[in-house]
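Here is a colleague's note for someone opening this entry for the first time. Please keep the sequence and the model in view while reading the numbered points.

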Amino acid sequence: MTHTKTIIFDYDGTLLTNDQTTISEKTKSILRELKTRNNLIILATGRPLSHCKYLLKENLVDYIVSANGSLVSSNNGILFSRVISLTNVGLFHDFCVKYNIPSTFYKTDILTNGIINTDIKDGLREAMNINAEQLNIITTDNFNNVYLMCAFTTNEIDQHLKQNFPNLYLSRWHTHIISLLEVEVTKTTGILKILEYHNIPTSQCIAVGDGGNDIDMLKMAGYGVAVGTNESLVTVADIVIDSVEQQFISLIEKW
């Protein structure tokens, strides 16, 4: 099937706003409208798959790029994944426990090491509106199929992490959060796997996001839409809007 356009949406702050746990009915109606126009719809998020899988089940999106690019899923299964080795998961887990650093492990859900302080409370609340104290705790027999690991700490510990994990790729994307992977993976990594599978050029893509981890996908796309006032994102966008709910369909009409 030849699609009219490929439209890539960020989740938090773009489709999901305020204190919502799922997207609004208004936003759902926009996604349905876009699909009736034969657009391929991709959700690209830093969240684990379980938090937004309902969008696949309700046929509102065609693909979900989760764990910030490390897992690409559709209703037909997994198209792409980048799994962290059991050895590295174990070493990182033990390091964080030793130095009393809160950490998370992204499988299809998000698990913690059980250490709770203000860094993980504030980081998860600000980034994804998640209550850290309600998450399940990872165990040694559950180190398989981890796609992303995060440490919750201010940047004073970054050099210590780099020294202890010289073979891992570290990326700080939040005041309280630094991610660790075996190779550099971003939302664009997962998106490009989908485009390659469908033989779609990046010039036929519209990317919509609101945060710093959306910069690369807006740069990649033929047309970039920034939601809100993030200065670094606005700089690379073709247009800036206040809200997907209020303005996106009118933009599609113009295109």
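**Notes on the chain**

1. The mean positions of the 20 positive and 27 negative charges of the chain lie 4 Å apart, where Lys and Arg count as positive and Asp and Glu as negative, with His and the chain ends not counted. Each charge is placed at NZ of Lys, CZ of Arg, CG of Asp or CD of Glu.

2. This is a predicted model, in which local features need pLDDT of at least 70 and side-chain atom pairs count only at pLDDT 80 or more, while totals for chains, interfaces and linings use all residues. Residues are numbered from 1 along each chain as its sequence is written, and side-chain values use heavy atoms, with hydrogens and water left out.

3. The chain holds 9 helices and 13 strands, both being DSSP runs numbered from the N terminus (H or I over at least four residues for helices, E over at least two for strands). Its C-alpha trace spans about 55 × 35 × 30 Å along the principal axes.

4. For 255 residues a compact globule would have a radius of gyration near 18 Å, and the chain, at 18 Å, agrees with this; the radius is taken over C-alpha atoms, and the globule rule is 2.2 Å times the number of residues to the power 0.38. Of the 255 residues, 52% count as buried, meaning under 20% relative accessible area, with exposed over 50% and partly exposed in between (1.4 Å probe, protein chains only).

5. Among contacts (heavy atoms within 4.5 Å) between residues at least 6 apart in sequence, 57% join residues at least 24 apart.

6. A search of the whole structure finds 11 salt bridges, each a side-chain nitrogen of Lys or Arg within 4 Å of a carboxyl oxygen of Asp or Glu. One of them pairs Lys 187 with Asp 10 at 2.8 Å, N to O. This pair links distant parts of the chain, 177 residues apart, with Lys 187 in helix α6 (residues 187–198) and Asp 10 in the loop between β1 (6–9) and α1 (25–36).

7. Lys 187 also meets Asp 214 in a salt bridge of 2.5 Å, N to O, and here Asp 214 sits in the loop between β11 (205–209) and α7 (215–220), 27 residues from Lys 187.

8. Arg 37 is partly exposed, with a relative accessible area of 26%, and Glu 33 counts as partly exposed at 31%.
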